[in-house]
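Trainee: I am new to this structure and would like to go through its side-chain contacts with you, one question at a time.

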Amino acid sequence: MNGSTALPPWLPTAPCTPNHCAAHPETGSAGPDERAGTVLAVARLTAGTGAVLLGVLLAPAAGLLPATARLALVRGWARAVVRAFGVRARYDGTAGAVTGPLLVVANHVSWLDIPLLAAVLPGRMVAKTEVRRWPVLGPLAALGGTLFIDRDRLRALPGTVRAMAAVLTGGGRVVVFPEGSTWCGRAGGRFRPAAFQAALDSGCAVLPVRIDYRPSWAAAYVGDDPLGASLWRVVTARRIVVNIRILDPISSIEYPDRRALAAAAQRAVAQPTVARDSANLPSSSVHQWASSRPAAASSSRTPA
């Protein structure tokens, strides 16, 4: 997800930094009208952390459930996590008719991207190995079947791509952020083509997703931003509204190689999402479908 210092030269990096991107664009911090009260912020942080911990406790038992029940549990838990942190989400798209294996690709802004996608498109996430060592979230990612990639070892990349292709060939779903690093939301990076080789090898479709936060500075998790600082920025924002646009699937058969396929997905995601005014939405509208529930059904082989 976010970058770190002393990265190998082949790794994708973003120019986004916490001081310039994860702060209010004019004052360097949120103004009084954009901050939640301390009591509300602490309540959100407690509720959000509790929801994540509940996921850790339930993960072993969830693995014993039938696939349909397990995926429903994952979607419900992911929505609960987002709600608990005070984030309002709106999903647009008509991907409900898409069945079978999918390589889901999205732009990457925040750690919030993960539960937001899991709430509607649960599948095997691809993440850097450092995530495994994160407190609470690391064990949860491992229990959820995350495919970890060692970004410091370029030779490990083909093995990760083969693992992704194996999941897709088996009828599962893989979720990846092909920019390779988080961006501030006001700018994005190039989609790296390696992950798209898994779609070509398995013959599956690519499902592009665009994620837009308002305000982007509150959700952005970039550069050397500590996870704790990002959590506090999220819960102290008066309101974070995110639009997740699920776009039309792209057939991997139509593109001759992974670079062309990556470029097609990037073009689709680059189309801006129309901002919506959610200020007057009732509290029950935290999660709304703008159309039919997208991609609710996944293959029975898609792990949680």
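This is a predicted model: local features need pLDDT of at least 70, side-chain atom pairs count only at pLDDT 80 or more; totals for chains, interfaces and linings use all residues.

Trainee: How are the rings of Phe191 and Phe196 arranged as a pair?
Mentor: A pair of aromatic rings is described by the distance of the centres and the angle of the planes. For Phe191 and Phe196 the centres lie 6.4 Å apart and the planes meet at 25°. Planes under 30 degrees apart count as stacked, so the pair formed by Phe191 and Phe196 is stacked.

Trainee: How many aromatic pairs are there by this rule, and what is the angle between the planes of Phe85 and Trp111?
Mentor: The count comes to two aromatic pairs. Phe85 and Trp111 form an edge-to-face pair, with 5.3 Å from centre to centre and an angle between the planes of 75°.

Trainee: Which parts of the chain does the pair of Phe85 and Trp111 link, and how many residues apart are they?
Mentor: Phe85 lies in the loop between α3 and β1, while Trp111 lies in the loop between β2 and α4.

Trainee: Is Trp111 buried or exposed?
Mentor: Buried means under 20% relative accessible area. Trp111 has a relative accessible area of 6%, so Trp111 is buried.

Trainee: Which residue meets Arg233 in a salt bridge?
Mentor: The whole structure holds two salt bridges, and Arg233 takes part in one of them, with 2.4 Å from N to O. Arg233 is buried, and so is its partner, which is Asp225.

Terms used:
Residues are numbered from 1 along each chain as its sequence is written. Side-chain values use heavy atoms; hydrogens and water are left out. A salt bridge is a side-chain nitrogen of Lys or Arg within 4 Å of a carboxyl oxygen of Asp or Glu. Buried means under 20% relative accessible area, exposed over 50%, partly exposed in between (1.4 Å probe, protein chains only). Rings of Phe, Tyr and Trp (its six-membered ring) pair if their centres lie within 6.5 Å; planes under 30 degrees apart count as stacked, over 60 as edge-to-face and the rest as tilted. Helices (H or I, at least four residues) and strands (E, at least two) are DSSP runs, numbered from the N terminus.
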